[in-house]
Amino acid sequence: MKKSVKIITGYLGVSMFMFGVLKFVNPFKGWYTTQVAASQLPFPTLSYWAGQFGEIAVGVAFIFLLFQYKKLEASTIGRILAIGNILIIIMMITAIYVHLHPDVPAEVLPLKINPPYIPCFFMALPIISLYLQRK
């Protein structure tokens, strides 16, 4: 695994894991609940749990990959990276939608602002990682 991909994978792994875990404690839990409800996501209960466990699962997978990549085959590493990065992109597209939804108040968003700076940043990282991985 390239050093640049390893750095991005580590950063995304820790960040996604922490974001997922934080959604279980207040005030983040309340904010997240309001975001899901106000944005009118389809299947709100599924969306709520998928967001939390999706972030935690990708975070754990990436952290695992960092510590075990020497023991894994290149094809397995590639699959884990590709699936994890694509899942992050999907989650960040959803987050951008939530940030831009007019019914979601800025008070329940990170940094208390509607422009989706954080989701865009976290969507750029897996895109860069996928690009570097292919190169």
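Predicted model: local features only at pLDDT ≥ 70, side-chain atom pairs only at ≥ 80, totals over all residues.
Student: Where is serine 129 found, and what is it in contact with beyond its neighbours within four places in sequence?

Tutor: Serine 129 sits in helix H5, residues 117-134. Leaving those neighbours aside, serine 129 is in contact with Val5, Ile8, Thr9 and Asn85.

Student: What makes alanine 61 partly exposed?

Tutor: Its relative accessible area is 28%. Buried needs under 20% and exposed needs over 50%. The value for alanine 61 falls in between, so alanine 61 is partly exposed. Alanine 61 lies in helix H3, residues 44-68.

Student: At what angle do H2 and H3 pack, and why is H2 called oblique to H3?

Tutor: Helix H2, residues 28-38, packs against H3 at about 135 degrees, with the axes 10 Å apart. Roughly perpendicular covers 65 to 115 degrees, and roughly antiparallel means over 145. The crossing of H2 past H3 is right-handed.

Student: Which residues meet where H2 contacts H3?

Tutor: From H2 come Lys29, Tyr32, Thr33 and Val36. From H3 come Pro44, Ser47, Tyr48, Gly51 and Gln52. The residues of this contact divide into four nonpolar, four polar and one charged.

Student: Which residues of H2 are buried, and what covers them?

Tutor: The buried residues of H2 are Tyr32, Gln35, Val36 and Ala38. Their cover includes H3 and helix H4, residues 74-100.

Student: What makes H4 roughly parallel or antiparallel to H5?

Tutor: Their axes cross at roughly 155 degrees and come within 8 Å. Over 145 degrees counts as roughly antiparallel, so H4 is roughly antiparallel to H5. H4 passes H5 in a left-handed crossing.

Student: Which residues of H4 and H5 meet?

Tutor: Among those in H4 are Leu81, Asn85, Ile89, Met92 and His99. The contact residues divide into 16 nonpolar, five polar and no charged.

Student: How do you know that glutamine 40 is exposed?

Tutor: Its relative accessibility is 54%. Exposed means over 50%, so glutamine 40 counts as exposed. Glutamine 40 lies in the loop between H2 and H3.

Student: What is the phi of glutamine 40?

Tutor: Glutamine 40 has a positive phi of about 55 degrees, although it is not a glycine. Most residues other than glycine have a negative phi.

Student: What is the peptide bond from asparagine 26 to proline 27, cis or trans?

Tutor: That bond is cis, with omega near 10 degrees. Most peptide bonds are trans. Proline 27 is found in the loop between helix H1, residues 3-22, and H2.

How values were computed. Residues numbered from 1 in each chain as written. Heavy atoms only, no water. Helix = DSSP H or I, 4+ residues; strand = E, 2+ residues; numbered from the N terminus. Contact = heavy atoms within 4.5 Å. Buried < 20%, exposed > 50% of the residue type's maximum accessible area, 1.4 Å probe, protein only. Axes fitted to C-alpha atoms, helices over the stretch in contact; angles between N-to-C directions. Left-handed = near helix turned anticlockwise from the far one by under 90°. Nonpolar A, V, L, I, M, F, W, Y, C, P; charged D, E, K, R; others polar. Parallel < 35°, antiparallel > 145°, perpendicular 65-115°, else oblique.
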